[in-house]
Amino acid sequence: MIRARESKSAPVGVVTKVLHILETLHEAPSGLQLKDVASQTGINKSTAYRFLAHLEHEGYVFRDASGGYAIGVRLARLASGMSYQTTLCKLSRPILQQLWRATGETVNLAVLDGREVLYLDVMESSHTFRLVSQVGIRRPVYCTALGKVMLAYIPDEEQQYFFTGLKFERFTSQTVKGIQPLRKEFAVVRQRGYSIDNEEAYLGSRCIGAPIFESSGKIAAALSVSGPTTRVTREKVPAFAALAKNAAMTISKSLGYSAVEKALEAKVGS
């Protein structure tokens, strides 16, 4: 009887400790080192490490470049959208910085918000002549590389939401004129894995967008590299696109996405 009572109470104790860890991390959005988690929760360091390692594996917490633990995307997704966006930015920042250093151009991170593209993070080029974006700015989905690459990976039946009542404002002579040309471009985007804004939003600018997926395989966000056409030339597009796709896939994997698993699922389902 005593053993039975202990076996029933033990899981409760474990759950209490795990919840205590998560609550402690929630109160420290910038992250905590293992020793701080242990001291603030009163949990033995080795036990705290074991719990944190399991939570990290499941995507409920993640470790940043300094080794600090913070609330992960999977858990943040269960909370408010703002918490998710904050976590996405923190998780993506080191990867965006690498892309920024590799290209020397402005790097952006964005999500779909309603029928618009919402910029979550912007790292401006160090060049004097550069494209300028701002965190929190909203732009159309149909003439931005970010918007087009996210729409391209949304199921056709869900795309109709974005097209309903959409007015194709002409920002330049290159801006797409309607839904059908846009749908044709989506097929190309999915085939090559990236989108291009060739002076469609602003004359003299070129932008390359790459998709970021969540664990379920659905589109979660997108990143882009943008700059003046004098530097982001057509000849440089393949190289920049490869860098952008690699960065986007690294972030996708951090969100729990597995391209291999999704490919196998698609093959089995076909």
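This is a predicted model: local features need pLDDT of at least 70, side-chain atom pairs count only at pLDDT 80 or more; totals for chains, interfaces and linings use all residues.
Mentor: Residues are numbered from 1 along each chain as its sequence is written, and side-chain values use heavy atoms, with hydrogens and water left out.

Trainee: Why is Cys-143 called buried?

Mentor: Buried means under 20% relative accessible area, exposed means over 50%, and partly exposed lies in between (1.4 Å probe, protein chains only). Cys-143 has a relative accessible area of 2%, so it counts as buried, and Cys-207, at 10%, is buried as well. Of the 270 residues of the protein chain, 45% count as buried.

Trainee: How many disulfides does a search of the whole structure find?

Mentor: The search finds 0 disulfides, a disulfide being a pair of cysteine sulfur atoms within 2.5 Å.

Trainee: What makes a group of residues a nonpolar core?

Mentor: The members are buried Ala, Val, Leu, Ile, Met, Phe, Trp, Tyr and Cys residues joined through side-chain atoms within 4.5 Å. The largest such core has 33 residues, of which Leu-88, Leu-109, Ile-212, Leu-223 and Ile-251 touch the most other members. Among the elements that each supply at least two residues of this core are α5 (81-103), β3 (106-113) and α9 (237-254); helices (H or I, at least four residues) and strands (E, at least two) are DSSP runs, numbered from the N terminus. A second, separate core of 25 residues includes Tyr-119, Tyr-142, Leu-146 and Val-149.

Trainee: How do you know that the buried residues of α8 line one face of the helix?

Mentor: In α8, the buried residues are Leu-182, Glu-185, Phe-186 and Val-189. Seen down the helix axis, the buried residues of α8 fall within an arc of 115 degrees, so they line one face; the arc is that of the directions from the helix axis to the C-beta atoms. The face turned away from that buried side carries the exposed residues Gln-180, Lys-184 and Gln-191.

Trainee: Why are the buried residues of α9 said to line one face?

Mentor: The buried residues of α9, including Val-237, Phe-240 and Ile-251, fall within an arc of 140 degrees, so they line one face of the helix. Pro-238, Asn-246 and Lys-253 are exposed on the face turned away from the buried side of α9.
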